[in-house]
Amino acid sequence: MLTGAGVSPGVGHGPVRGIAGAVPEPPEGDRHDGDAAAALATANAALEAVAADLEERGERSAAAGNTEGRDVLNAQALMARDPGLAEGAAERIAKGTAPARAVFEAFAVYREMLAGAGEYLAARVTDLDDIRDRAVARLLGLPVPGVPESDVPFVLVARDLAPADTAVLDPAQVVAFVTEEGGPTSHTAILARTMGVPAVVALPGATGLADGTMVLVDGAAGTVRVDPSDAEVAEAREAADARASALADATGPGATKDGHAVPLLANIGGPKDLDAALANGAEGVGLYRTEFLFLDRSTPPDDAEQEDAYRRVLAAFPEGRVVVRALDAGADKPLAFLPPPGEEPNPALGERGLRMLRRHEDVLTAQLTTLARAASGQSAKLQVMAPMVTDAEEAAYFAAACRAAGIEHPGVMIEVPAAALRARDLTPEIEFFSLGTNDLTQYTCAADRQIGGLARLQDPWQPAVLDLVALAADAGVPCGVCGEAAGDPALACVLVGLGVTSLSMSAPSLPLVRAALAHHTLAECRTAALAAREARSATEARDAARATLPALAELGL
Ligand code: PEP
Ligand code: MG
């Protein structure tokens, strides 16, 4: 039995499929055996096989509802079939170069051209490298990199998953995620919760699990059992089902036992997440991560496409509330069309969030104007917030940009300790706060959320984080939480006790939090909050709060 951090509840059982590692460069000077015609045929067949495979994956991802994924893959297939590329490889093979090396060198020519052709095209280099690696892997007889192919549903094992890696994942194929890196607030964890896929992160030795090994993943307990017996699988499934049915009983808008309303909202990455949000009873959207719409793109999305993606979400919540976040690019969510100004030794402390948008004001203005247009004629209330705001000047800047674009309800995320400490300074121009506890924890504890080994410090139960939440919640404007902390049933009660006014989370967490609140009064939540803040460590805070919230254990939460 291996233990990591459980970040998305549920039980998954299946064979391990790993994401293959890097493809090595074929050695310079590698020669074929003299049969140039055969070598050429091998190279061409590999390129064609890569193109066909990409197209087929595209069709499958479209069939699973991800048409953006298909567009990306079709564009890649076109690159693999580029006649110039095949010609470059043929010329080298004619001179005796081995097929893998010839293909590698032919790609290198294109790579250099793209890399030097300005920022938008430079971003295509990653796509090109991916195609090259696929072709070279085939020619060298190595596993093809990227998300694996499988005829049966599988447990995806990786060192870490970048948001862009997962664009083409078919949720029906992946029964669980297991990663070696990634903390509880990493985007791997968030994605798993959004997809409703059980997940364990920060599992030492995960990538050592051989392909095909059968494993049982318990995303609530954070465990991975190798070669489980049938009885163990059945028992784990029964426990997960029992908990799910206990939770199905809590319905309706979010409120404490004594009727204190706490709107329960969904975190989404695009219209594709609406079904799950509605099915889990979301009262609106508390965080629309708009950058998730464009992670694969090298050019800014056009206005019509953006407007459609916003309008569909607003239309799903008539009379409800939709909080859209302006593009949060940078650090672990690089957007090719919003490049940082140069090398950043610490990207999480660099140009990201609102800092990045201020460098690309045209993109911010276009997004805000498009949002205002999408909201016209809709009954949902559109609120727009800025990510990574540090001080009053930035809050005022964003509020002014919103109003100039016709957005009436601007807000800011509280993710930086400075913003929480001086929350009152930020209130004059804006209407609401939304606490991004993932980043707030990262910055409060100085612990990069992508590093699995720092999970202890990436814990929003850290009393220092709770103190900052209390400060922000007391600043005089409505203050929601949209970080992953909101989806932890016990912590959700504590947050309400600290004065938080709404909670937004990945859709599958909504029933858990709804049930936890429904079983406790506001006074009990306040007692839990006090107990947690009196603790001296995250573990003590969690234990102390849970001790005052006994119904959680009865509900299996
Ligand atoms: C957060 O930081 O808590 C947040 C909600 O934003 P993201 O996870 O997208 O950085
Ligand atoms: Mg954040």
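Here is a short chat about a helix pair and a ligand site in a predicted model.

Visitor: What should I know before reading the numbers?

Guide: In this predicted model, local features need pLDDT of at least 70 and side-chain atom pairs count only at pLDDT 80 or more, while totals for chains, interfaces and linings use all residues. Residues are numbered from 1 along each chain as its sequence is written, chains are lettered from A and ligands numbered from 1 in the order written, and side-chain values use heavy atoms, leaving out hydrogens and water.

Visitor: At what angle do the axes of α18 and α20 cross?

Guide: Two packed helices are described by the angle between their axes and the distance between the axes. Here α18 (residues 489-497) and α20 (residues 522-534) cross at roughly 95 degrees, their axes coming within 7 Å. So α18 is roughly perpendicular to α20 (65 to 115 degrees). On the α18 side, Cys493, Val494, Val496 and Gly497 make the contact (heavy atoms within 4.5 Å).

Visitor: And which residues are closest to ligand 1?

Guide: Arg289, Arg325, Glu415, Asn438 and Arg449 are the closest of the 16 that surround ligand 1 (a heavy atom within 4 Å). Polar side-chain atoms of Arg289 and Glu415 each lie 2.7 Å from an oxygen atom of the ligand. For Lys333, a side-chain N or O atom is 3.0 Å from a ligand oxygen.

How values were computed:
Axes are lines fitted to C-alpha atoms, for helices over the stretch in contact, and angles run from 0 to 180 degrees between N-to-C directions. Helices (H or I, at least four residues) and strands (E, at least two) are DSSP runs, numbered from the N terminus. Angles under 35 degrees count as roughly parallel, over 145 as roughly antiparallel, 65 to 115 as roughly perpendicular and the rest as oblique. A polar contact is a pair of N or O atoms within 3.5 Å; within protein, one must be able to donate a hydrogen and the other to accept it, and residues adjacent in sequence count only if both atoms are side-chain atoms.
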